[in-house]
Amino acid sequence: MSFLWAIIAGLIIGLLAKLVLPGRQPIPLWLTVIMGIIGGVVGNLLASAFGVGATNGIDWIRHIFQVGVAALLIAFVTPLWARRHA
């Protein structure tokens, strides 16, 4: 069941990351989900490293880290994908 939650969280994080980035990112949905999953995991690690991994209430800072890392990954992957499929 945790695998399913990772995919759902990756989809949400990846789509939010694409919204944060300016312009259009012509990458497929499956790649967006993978970047979102990786962004979620790395964002959790960064939040724990900065001491904000587990707070009371909603972990806004952790979510910002997750979306930020996913946005960086999507920004890095988009030109590679576009050049490969041009």
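The model is predicted, so local features need pLDDT of at least 70 and side-chain atom pairs count only at pLDDT 80 or more, while totals for chains, interfaces and linings use all residues. Residues are numbered from 1 along each chain as its sequence is written, and side-chain values use heavy atoms, with hydrogens and water left out.

Gly10, Ile13, Gly14, Ala17 and Lys18 are the buried residues of H1. They cover an arc of only 135 degrees around the axis, which puts them on the same side of H1. Here buried means under 20% relative accessible area, exposed over 50% and partly exposed in between, with a 1.4 Å probe and protein chains only; the arc is taken from the directions from the helix axis to the C-beta atoms. On the face turned away from the buried side sit the exposed residues Trp5 and Leu19. Helix H2 (29-49) and helix H3 (60-84) are among what covers the buried residues of H1.

| Residue | In contact with |
|---|---|
| Leucine 46 | Phe65, Val69 |

Leucine 46 belongs to helix H2 and, at 31% relative accessibility, counts as partly exposed. Its C-alpha atom is separated by 8.6 Å from that of glutamine 66, 20 residues apart along the chain.

The largest nonpolar core has twelve residues, including Ile13, Ala17, Met35, Ile74 and Trp81. Such a core is a set of buried Ala, Val, Leu, Ile, Met, Phe, Trp, Tyr and Cys residues joined through side-chain atoms within 4.5 Å. H1, H2 and H3 are the elements that give two or more residues to this core, and H3 gives the most, with six.

Ile13 also lines the largest pocket, along with residues including Ala6, Ile37, Asn44, Arg62 and His63. H1, H2 and H3 each supply at least two lining residues, and H2 gives the most, with five.

Methods: Helices (H or I, at least four residues) and strands (E, at least two) are DSSP runs, numbered from the N terminus. Contact means heavy atoms within 4.5 Å. On a 1 Å grid over the protein atoms alone, a cavity is a set of points where a 1.4 Å probe fits but cannot get out, and a pocket is an open set with protein on both sides within 12 Å along at least five of seven lines; lining residues have an atom within 4 Å of a point. Lists of a residue's contacts leave out its neighbours within four places in sequence.
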